[in-house]
Amino acid sequence: MALTRKRTVGIAAVTAAALLAGGGVFWLYGQNDRELARACDGMLAVADVRAVLGDGRLDVETDSGTGRDSCEVTAEGGRSTTVEIVDATRAGEPGLGGLRDPLPDLGGSSARGLPVPVGNGWSGLFAAGDDQDGKATVTLALTCARSTTKTATGKPVTGLVVSVRTELGATLDDPANRPAYTRIATGTAAKAADAYGCETRLGAHRVRAVGLPVTREEYEPLTGATGTCAGVPAAPGVTTARETARAAAPVERCLLGDDGYADERYTLEARFGPYAARERAYYAERRYDSDPTPADAPKGRLNDDAGYWASAACPGDGGERALFLVQRTHLRDAPRPTAAEQAYARQALRAFAERAAKAHGCAAPTVP
């Protein structure tokens, strides 16, 4: 009996210690979540961060300024998320400390290839590096029909951009892993819209599926294109394409190549909302002569050998005209394009712009 009695007391002592430890852990997590709730000026989606990064201790660093809030959350084991929330109304404004604007980058043609649309009702892109490094960036653009918040200049906020870079260490090749990389972005976008009093249409909170960025090896015959390259005509030496699905992304790209895609020949790009404003600011700041640029004319020829731009009015995009560009991709010592190549560039731009504008609810584009 003595032995039994001793074990019972030991178990009771351990149980009491566990309860005390549990209370301490609960207090610690409660404090930690209050710290998380203050991150990114109170716009971080704490529940979604916990769902993705876990219930352990999370280290938080935050930085807030006029129209731009950022925070970084790090968990044990190297898992982390870095969030940026930007008032997109300022896109293209001059005098921002040498920067064109405060917009986060969309990921561009990352190591894994062309970023793909988030879809699911969002205007956004999913970009990633090597599938084995477990890192991805989701960028969502919101257009505010109305907003209760005003910029420093007294203008109502017309749009927001939320960018979230998450590192989980999970392979992106497994489609079951990819939705987790979007969750903090969608939850934070909803909180940011609420904080700014931004009347906007949000997408699904839980993204069920998202594609992988399109690699260089994933080219197809141009005549069979069904996404961002759909309808673009083929030409001698231009027979293949790399494209993404078309799903209301803030930036769309179509890359054209030769038979084996050994040489990329043309790049077509569509920019909407704040990312169109950003591109116009780029040309305005780099004006070298009196020739018109996308910053001040609805259509024209770029200051190179086979580049052109077009534009379209987009009533649902904060009043910003969409911008469409085509540029020839070539080596520095490539011969100047022929008249036929220049005509093809304009033809390709027209086909690309018409379909992109229609898909985004814009008016028919003005083309060169």
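Searching the whole structure turns up 1 cavity of 30 Å³ or more. (On a 1 Å grid over the protein atoms alone, a cavity is a set of points where a 1.4 Å probe fits but cannot get out, and lining residues have an atom within 4 Å of a point; points are joined across faces, edges and corners, and the volume is the space filled by probe spheres set on them.) Bear in mind that this is a predicted model, where local features need pLDDT of at least 70, side-chain atom pairs count only at pLDDT 80 or more, and totals for chains, interfaces and linings use all residues. Residues are numbered from 1 along each chain as its sequence is written, and side-chain values use heavy atoms, with hydrogens and water left out.

The largest cavity holds about 70 Å³ of space. Its lining includes L114, P115, T228 and R253, and the largest share, 3 residues, comes from β10.

So what does β10 belong to? An open sheet of 7 strands, ordered β8-β9-β10-β11-β14-β13-β12, with antiparallel pairing. (Strands are DSSP runs of E, at least two residues, and helices are runs of H or I, at least four, numbered from the N terminus; two strands pair if DSSP finds at least two bridges between them.) β8 (220-221) and β12 (300-301) sit at the edges with a single partner strand each, so one side of each has no neighbour in the sheet.

Further in, β11 (residues 264-271) and β14 (residues 322-328) pair over 6 bridges, and E269 stands opposite L325 in β14.

Notes
1 Å grid on protein atoms, 1.4 Å probe; cavity = no way out; pocket = protein on both sides within 12 Å on 5 of 7 lines; lining within 4 Å.
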